[in-house]
Amino acid sequence: MPGIRSSRIYIFDTKPDPRNPKIVKTIEAEEIASRTGYSRIHTIHCGPDAIYVSALGDPKGDGPGGIFLLDHESFDVLGRWEVDRGEQYFGYDFWWHLGYDVAVTSEWGTPNMIENGVVPELLLANKYGHSLHIWDLKKRRHLKTLDLGAEQQMALELRPSHDPTKTFGFVGVVVSTKDLTASIWLWYREGNDWKVQKVIEIPPEPADESVLPPALKPFKAVPPLITDLNLSLDDKFLYVACFGTGDLKQYDVSDPFHPKETGSIRLGGIVSKAPHPNGTGPLNGSPQMLELSRDGRRIFVSNSLYGAWDAQFFPDGIRGWIAKIDCNPAGGMTVDPKFFTTFDGERAHQIRLEGGDSSSDSFCYP
């Protein structure tokens with residue numbers, strides 16, 4: 001369990017009694033910094049040779065961000081992963097195509113660029129991340145930068161094909177500074193080369209300036225703000241969370257180059273505050289982090305992005321909740337009226353499901 005601000009990692013033993021997890025090891029920020037040069041821990045994946053951990057920057061809050069490794073058994077910090085990082089500087093998410101010995105990383109910003117909220121001057125100057133990076137997974141060397149365009153600010157969540165014989169994946173872009181659209185891009189291998197193209201675009205919604213938070217008043221619109229994606233295990237449906245408008249969208253991506261929207265529901269939203277069907281009234285926050293069950297029938301959504309950023313988009317505060325959405329295998333979604341979990345002061349973020357889920361499972365064999 002990584003601490004993005006503390007830069008600690010807590011190791012919990014959940015097997016004896018999942019309802020009473022026990023901390024069995026704490027990795028301090030100083031150890032991570034001394035062995036890797038990194039801080040602000042974000043994403044953790046179990047890899048083929050170690051536990052892979054991403055970090056947003058260095059101990060001073062600058063860059064570069066990157067990846068380091070933990071031993072599978074002892075959880076010792078082994079060191080920085082990159083041997084040759086090339087031009088990669090910003091860190092955020094990472095994933096891989098194990099059958100091809102290829103890793104992919106995405107970009108947010110350095111800790112100093114995010115910890116106090118979105119910096120408007122940096123955003124409008126296109127200073128946040130806008131590229132993907134392709135790596136040789138075994139040699140730990142940078143191969144290629146896929147630049148989406150400077151206006152495509154914050155290329156965040158990566159969702160590669162689960163089928164290990166395929167070489168495509170999706171990344172969400174939070175916002176375009178050109179027109180406030182959000183977008184989904186497809187990376188893919190063509191021959192021996194890697195390419196990327198935009199396959200989904202979601203427009204902003206006009207809104208009265210009086211109902212917008214200060215950060216959005218000059219634009220007189222609500223941007224979708226794509227903050228998370230989830231791809232079903234059969235690589236058929238892509239789910240997209242729009243933290244700005246409150247939408248959760250479902251796309252049929254059987255043909256990944258030509259997605260088709262097959263469902264949409266709305267909960268919360270900066271302006272709409274769409275209610276849950278259980279009758280609790282207007283909701284604050286929006287679908288943010290997503291977790292899809294392995295059978296593709298249940299998706300759980302939480303409503304908090306990151307403390308300093310929550311306050312910019314929802315000045316009244318975010319009261320944590322989790323909702324469950326029922327997914328039709330043929331396409332379409334409905335909100336489960338009986339499942340709505342609230343929190344007393346805490347803001348819900350990441351969800352993992354017992355036995356595996358669609359965003360943390362990867363496979364070596366077809």
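## Hairpin, pockets and cavities in a predicted model

Strands S23 and S24 form a hairpin with 5 residues between them, and Gly331 in the turn has a positive phi of about 115°. This is a predicted model, in which local features need pLDDT of at least 70, side-chain atom pairs count only at pLDDT 80 or more, and totals for chains, interfaces and linings use all residues. Residues are numbered from 1 along each chain as its sequence is written, and side-chain values use heavy atoms, with hydrogens and water left out. Helices (H or I, at least four residues) and strands (E, at least two) are DSSP runs, numbered from the N terminus.

- S23 covers residues 321-327 and S24 covers residues 333-342; the two run antiparallel and are joined by 6 bridges. Strands pair here if DSSP finds at least two bridges between them.
- Asp326 has Thr334 of S24 as its bridge partner.
- Ile325 stands opposite Val335 in S24.
- S23 is also joined to strand S22 (residues 298-302), by 5 bridges, and this pair runs antiparallel.
- Across that pairing, Phe300 stands opposite Lys324 in S23.
- S23 is mostly covered, with 6 of its 7 residues buried. Buried means under 20% relative accessible area, exposed means over 50%, and partly exposed lies in between (1.4 Å probe, protein chains only).
- In a regular strand the side chains alternate between the two faces of the sheet.

**Pockets**

- A pocket is an open set of points on a 1 Å grid over the protein atoms alone, with protein on both sides within 12 Å along at least five of seven lines; a cavity is a set where a 1.4 Å probe fits but cannot get out; lining residues have an atom within 4 Å of a point.
- Grid points are joined across faces, edges and corners, and a volume is the space filled by probe spheres set on the points.
- The largest pocket has a volume of about 1900 Å³. Strands S1 (9-13), S3, S7 and S11 are the elements that give two or more residues to its lining.
- S3 supplies the largest share of that lining, 6 residues.
- Of the 45 residues lining the largest pocket, Met1, Pro2, Gln350, Ile351 and Arg352 lie nearest its centre.
- The lining of the largest pocket has 25 nonpolar, 13 polar and 7 charged residues. Ala, Val, Leu, Ile, Met, Phe, Trp, Tyr, Cys and Pro count as nonpolar, Asp, Glu, Lys and Arg as charged, and the others, Gly among them, as polar.
- The second largest pocket holds about 380 Å³ of space. Its lining takes two or more residues from each of helix H3 (120-124), S11, strand S12 (168-176) and helix H4 (307-313).
- That second pocket is lined by 24 residues, with Val118, Leu123, Val175, Leu216 and Phe313 nearest its centre.
- By class, the second pocket's lining has 19 nonpolar, 3 polar and 2 charged residues.

**Cavities**

- Rolling a probe the size of a water molecule over the atoms shows where empty space is left.
- The count comes to 2 cavities of 30 Å³ or more.
- The largest cavity contains about 140 Å³ of space. Its lining has 18 residues, and Trp96, Pro160, Ser161, His162 and Ser362 lie nearest the centre.
- Strands S7 (94-97) and S11 (152-160) each supply at least two residues of this lining. S7 gives the most, with 3 residues.
- The largest cavity's lining has 7 nonpolar, 7 polar and 4 charged residues.
- The second largest cavity has a volume of about 50 Å³. Its lining includes Ser54, Glu82, Tyr92, Asp93 and Phe94.
- By class, the lining of this second cavity has 3 nonpolar, 6 polar and 2 charged residues.

**His42**

- His42 is found in strand S3 (residues 39-46).
- His42 counts as partly exposed because its relative accessibility is 22%.
- Not counting residues up to four places away in sequence, His42 touches Pro2, Ile4, Ser54 and Tyr92. Contact means heavy atoms within 4.5 Å.
- The side chains of His42 and Tyr92 are joined by a polar contact of 3.5 Å. A polar contact is a pair of N or O atoms within 3.5 Å; within protein, one must be able to donate a hydrogen and the other to accept it, and residues adjacent in sequence count only if both atoms are side-chain atoms.
- Arg80 lies 38 residues from His42 along the chain, and their C-alpha atoms are separated by 15 Å.

**Thr110**

- Thr110 is found in the loop between strand S8 (102-105) and helix H2 (111-114).
- Thr110 counts as buried because its relative accessibility is 6%.
- Its contacts, not counting residues up to four places away in sequence, are Leu56, Gly61, Asp62, Gly63, Tyr89 and Phe90.
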